[in-house]
Amino acid sequence: MHLQRHDLTPEQAARQDVFAAFVDEAVVPQADRFDREERLPSDLIRRMADEGLLGVFAPQDAGGTGDDMVVQGLLCEEVGRG
């Protein structure tokens, strides 16, 4: 089942917007290079961590954002889109 934007809670939609903006700015312009090298550079992964884009499913007391599985899926979709 593919979720539509109207199926998301306001919080989930807001997180998707954050993910999409990050991907548009930091991934899309370099996507061809990432594909050729078959890797994401460590500085990009570090930046994702600094911006709270990793550990979205981990509880807040463990350093994550405590988001749900839907948000985890949205992040994966956005990174894949990039």
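Figure 1. Glu37 is partly exposed, with a relative accessible area of 36%; buried means under 20%, exposed over 50%, and partly exposed in between (1.4 Å probe, protein chains only). This is a predicted model, in which local features need pLDDT of at least 70 and side-chain atom pairs count only at pLDDT 80 or more, while totals for chains, interfaces and linings use all residues. Residues are numbered from 1 along each chain as its sequence is written, and side-chain values use heavy atoms, with hydrogens and water left out. Glu37 forms a salt bridge with Arg33, their closest N and O atoms being 3.5 Å apart; a salt bridge is a side-chain nitrogen of Lys or Arg within 4 Å of a carboxyl oxygen of Asp or Glu. Both residues lie in helix α2, four residues apart, about one turn of the helix. Helices (H or I, at least four residues) are DSSP runs, numbered from the N terminus. Arg33 is partly exposed as well, at 28%.

**Figure 2. A salt bridge between Asp67 and Arg15.** The two side chains meet at 3.0 Å, N to O. Asp67 lies in the loop between α3 and α4 and Arg15 in helix α1, so the pair ties together parts that are 52 residues apart in sequence. Both Asp67 and Arg15 are buried.

Figure 3. Arg81 and Glu78 meet in a salt bridge of 2.7 Å, N to O. They are three residues apart in helix α4, about one helical turn. Arg81 is partly exposed, at 44%, whereas Glu78 is buried, at 9%. Asp24 is linked with Glu78 and Arg81 in a network of salt bridges.

Figure 4. Leaving aside neighbours within four places in sequence, Val27 is in contact (heavy atoms within 4.5 Å) with Phe22, Phe34, Leu44 and Gly82.

Methods: Helices (H or I, at least four residues) and strands (E, at least two) are DSSP runs, numbered from the N terminus.
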